[in-house]
Amino acid sequence: IRETAETLRKHRMLHSEVIPLYARLSPADQARVFAPSGRRHIVLSTNVAETSLTVPGIRYVIDAGFARISRYSARSKIQRLPVERISQASAEQRKGRCGRVAEGICIRLYDEDDFNARAAYTEPEIQRTNLAAVILQMATLGFGDIAAFPFVDPPDERLVRDGFKLLEELAAVDQRRRVTALGSRLARLPVDPRIGRMLLAAAETGCLREMIVIAAALSVQDPRERPTDKRAEADEAHAQFADERSDFIAWLKLWDFLELNRRHLTRRKFERLCRQHFLAPSRVREWHDVQVQLRVQLHALGYRDNQQEADYPTLHRALLTGLLSHVGMRTQGNTRDYLGARNRHFFIFPGSGLFAKQPKWAIAAELVETTRLYARGVAAIEPEWIEPLARHLVRHSYSSPRWQGRRGQVAADEKVTLYGLPIVPRRKVNYGPIDPEVSREIFLRFGLTEGDMNTRA
């Protein structure tokens with residue numbers, strides 16, 4: 001949209017005004033589409049104008065036939081935003097934008113055979129999203145076998161299976177797909193299971209006050225705005241809250257700034273302050289409201305805020321409980337490339353505070369694929385934090401068992417992996433309890449036969 005707007009503006013059409021329209025625009029910029037200006041409006045819109053709102057006075061629609069559609073990949077375990085051909089129903093909906101007050105014309109930039117070959121309707125969301133939250137609620141309510149439930153639009157079996165895998169990762173269900181005690185507590189929280197898992201961990205480790213703020217931020221749309229014509233000013237305004245170690249700490253810095261000023265300023269002055277710092281007042285208000293609701297609900301469940309400020313390791317270990325499959329290690333060859341779970345490679349999003357200083361190990365709030373796989377909401381972590389939190393997920397492999405005469409035992413090199421990612425590349429361990437038969441054979445051969453053993457027995 002930005003590129004097309006720039007191209008059209010270069011033509012300097014004196015009697016026309018080019019107006020972008022998409023969800024991430026500020027409310028003031030979105031309102032421009034409704035304001036009469038005496039000039040012809042050329043509106044460049046995503047499918048937000050297809051279903052979400054009606055723009056008055058549209059006489060012509062030019063339909064490119066594409067949309068960016070959110071789709072969860074069961075194979076790669078990530079939420080993707082691929083550009084896809086729209087369905088016939090969406091095309092008809094776009095055509096319906098014009099001709100509401102007078103005769104209109106719709107021009108489709110694809111031929112009729114292409115239109116007829118397209119799907120009749122866009123797939124319902126239940127067939128293209130992660131189902132972990134739905135499955136947890138259904139299992140808690142005792143709906144029986146989820147796969148046999150008579151959905152109006154049944155989801156793919158792979159999505160159901162993948163939803164259970166995520167719940168297993170969060171320890172919300174066991175290997176037999178039965179809801180655990182932790183899962184029952186998770187089901188009572190009105191947030192995504194990943195975020196709920198972080199909140200429960202924070203309540204146990206003494207960082208709930210900070211985590212509620214972060215959980216609310218992850219549950220609403222980012223309040224930070226970056227207008228096309230003022231990108232440099234917006235980046236400078238947002239930079240004062242950035243943190244080079246953690247985007248989650250940046251949320252807390254921004255929250256502290258807003259709450260400090262909220263107490264002393266009138267509503268109008270507070271909104272003016274938000275705009276000066278390129279923050280959308282409506283989204284800031286939503287962030288605050290969700291934070292209040294979460295706090296009330298958690299207090300009703302018996303959890304209490306911490307009095308002491310949480311330190312960095314405690315807060316990020318709690319975050320890690322919900323993001324175990326979003327861990328990444330920077331590769332040796334390419335300093336910007338990260339190796340993640342299941343052999344995925346991702347890059348830190350350029351808007352992150354960690355983009356300039358790429359940490360060795362990182363976690364991400366979300367992994368989203370657009371032109372490439374990007375990590376958003378990133379923080380630096382220590383690899384030794386992972387294993388204690390992922391004992392139910394890690395795999396151990398052993399190599400080079402050998403006799404150690406001085407210690408009188410068989411040692412081996414242990415490798416610990418999480419979804420194929422080596423979190424402990426090599427560690428010496430006592431091999432006796434792990435494989436007694438092989439260890440006994442090595443003991444007999446080297447300890448007894450060769451006499452390489454110190455003992456007072």
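Helices (DSSP runs of H or I, at least four residues) and strands (DSSP runs of E, at least two) are numbered from the N terminus in these legends. The model is predicted, so local features need pLDDT of at least 70 and side-chain atom pairs count only at pLDDT 80 or more, while totals for chains, interfaces and linings use all residues. Residues are numbered from 1 along each chain as its sequence is written, and side-chain values use heavy atoms, with hydrogens and water left out.

**View A. A nonpolar patch on the surface, around I62.**
I62 has its place in strand 3. With a relative accessible area of 60%, I62 is exposed (buried means under 20%, exposed over 50% and partly exposed in between, with a 1.4 Å probe and protein chains only). Patches are made of residues with over 30% relative accessible area and no salt bridge; like charges are joined within 9 Å, and nonpolar side chains (Val, Leu, Ile, Met, Phe, Trp, Tyr) within 5 Å. The areas come from the Shrake-Rupley method with a 1.4 Å probe, and for residues only the protein chains shown count as cover.

**View B. L53, in the loop between helix 3 (48–51) and strand 3.**
L53 is partly exposed, at a relative accessible area of 22%.

Helix 7 (157–169) and strand 15 (409–418) are the elements that give two or more residues to the lining; helix 7 has the largest share, three residues. Sorted by class, the lining has six nonpolar, four polar and seven charged residues. Here Ala, Val, Leu, Ile, Met, Phe, Trp, Tyr, Cys and Pro count as nonpolar, Asp, Glu, Lys and Arg as charged, and the others, Gly among them, as polar.

**View D. D413 and its salt bridges to R402 and R426.**
A salt bridge is a side-chain nitrogen of Lys or Arg within 4 Å of a carboxyl oxygen of Asp or Glu. D413 meets R402 at 3.1 Å, N to O. This pair links distant parts of the chain, eleven residues apart, with D413 in strand 15 and R402 in strand 14 (residues 395–404). For D413 and R426, the closest N and O atoms are 3.3 Å apart. R426 lies in strand 16 (residues 421–430), so its pairing with D413 ties together parts 13 residues apart in sequence. D413 is buried at 9% relative accessibility, R402 is partly exposed at 29%, and R426 is exposed at 64%.

**View E. The salt bridge between K253 and D243.**
The closest N and O atoms of K253 and D243 are 3.3 Å apart. K253 sits in helix 12 (residues 247–264) and D243 in the loop between helix 11 (231–239) and helix 12, so the bridge ties together parts that are ten residues apart in sequence. K253 is partly exposed, at 35% relative accessible area, whereas D243 is buried at 12%. The structure holds 27 salt bridges.
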